[in-house]
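Student: Hey, can we go through this structure together? I'd like to ask things as they come up.
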Amino acid sequence: MSTTAPAIHAENLHKRYRQTVAVDDVSLRVEEGEVLGILGTNGAGKTTTVEMIAGLRKPDSGRVTVLGLDARRDRARLRQVLGVQLQASYLHHALKAEELVHMYRSFYPDPRPAAELLDLVGLADQRRTIFEKLSGGQQQRLSIALALAGRPRVVILDELTTGLDPRARRQMWRTVEQLRDGNVTIVLVSHAMEEVERLCDRVALIDRGRIIALDTPAGLVRQARAADLDDAFVALTGKELENTE
Ligand SMILES: Nc1ncnc2c1ncn2[C@@H]1O[C@H](COP(=O)(O)OP(=O)(O)OP(=O)(O)O)[C@@H](O)[C@H]1O
């Protein structure tokens, strides 16, 4: 194990919603520059986990630090180094794409240029379109651009490419690869095995709120004595991974 401080350190996270235990003792270390995938069936606890890592949801118990900042106590400083792909529904629907980009850029001291952000996600031609007139995939791509506005050192992407067409998906993968080349730490919640195998250094399998395996994609396949990551997922969780693309 590395002796330097991890980019993300989650310790013993628990979260319950009334009767539902959503996250049950999750601990994770993500090293700087690493791409960690989180795979699990619907309702496994992936979003709740990454929301707690981002400081957006308070754990019942446990603690998260990101680049040494406490995810709850140091939220203002955390915002400056962390980019989160938010659900599109949180965004102001009457603003144009470029207005949303300008608004997000204004939160940071040294933001990426607006044109670069729009180009990065292939939305230069839609810059004057108001958010609610963008297609679902375009809205999702815009939310990724907004997550990158402040040149974050850590990025959380919750379902990066779900619902995107193949061309847009490959474009998002190239964007993640560029971030990885720039030593950005990335947590990627995904349902797509191809995406995880291509982009992730390690993968956490989450089932019923617990991490049941955490290894490289090849390591998971070996651990499960499986033919590929799809089979490994079934062998380790006893479940099929539903394809929501
Ligand atoms: N705000 C909430 N109130 C009550 N229950 C919730 C809430 N958010 C999530 N849950 C429940 O907690 C469990 C974990 O949900 P979570 O969204 O973290 O899972 P997920 O792995 O991200 O699922 P999906 O792949 O469907 O997005 C589920 O049983 C879900 O129904």
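Student: Okay, where is Pro6 found?
Tutor: Pro6 sits in the segment before strand 1. Strands here are DSSP runs of E with at least two residues, helices are runs of H or I with at least four residues, and both are numbered from the N terminus. This is a predicted model, so local features need pLDDT of at least 70, side-chain atom pairs count only at pLDDT 80 or more, and totals for chains, interfaces and linings use all residues. Residues are numbered from 1 along each chain as its sequence is written.

Student: Which residues does Pro6 touch?
Tutor: Leaving out residues up to four places away in sequence, Pro6 touches Arg29, Val30 and Glu31. Touching, or being in contact, says that the two C-beta atoms, placed from the backbone, lie within 7 Å. The C-alpha atoms of Pro6 and Gly33 are separated by 9.7 Å, and these two are 27 residues apart along the chain.

Student: And is Pro6 buried, exposed or partly exposed?
Tutor: Pro6 counts as partly exposed, because it has 19 C-beta neighbours inside 10 Å. A residue is buried if 20 or more other C-beta atoms lie within 10 Å of its own, exposed if 12 or fewer, and partly exposed in between, with C-beta atoms placed from the backbone.

Student: Switching topic: which residues are around the ligand?
Tutor: They are Tyr17, Thr20, Ala22, Gly40, Asn42, Gly43, Ala44, Gly45, Lys46, Thr47 and Thr48.

Student: How many of the shell residues are nonpolar, polar or charged?
Tutor: The shell has three nonpolar, seven polar and one charged. Ala, Val, Leu, Ile, Met, Phe, Trp, Tyr, Cys and Pro count as nonpolar, Asp, Glu, Lys and Arg as charged, and the others, Gly among them, as polar.

Student: Back to helix 1, how many of its residues are buried?
Tutor: Seven of its eight residues are buried, so helix 1 is mostly covered. Lys46 and Thr48 are among them. Just after helix 1, Gly55 takes a positive phi of about 75°.

Student: Now helices 3 and 5: how do their axes cross?
Tutor: The axes of helix 3 (residues 97-105) and helix 5 (residues 136-147) come within 9 Å and cross at roughly 20°. That makes helix 3 roughly parallel to helix 5. Axes are lines fitted to C-alpha atoms, for helices over the stretch in contact, and angles run from 0 to 180 degrees between N-to-C directions. Angles under 35 degrees count as roughly parallel, over 145 as roughly antiparallel, 65 to 115 as roughly perpendicular and the rest as oblique.

Student: Which residues meet there?
Tutor: Ala97, Leu100, Val101 and Tyr104 in helix 3 meet Leu142, Ala145 and Leu146 in helix 5. The contact divides into seven nonpolar, no polar and no charged residues.

Student: What about Ile144, buried or exposed?
Tutor: Ile144, found in helix 5, counts as buried, with 24 C-beta neighbours inside 10 Å.

Terms used. Near = placed C-beta within 6 Å.
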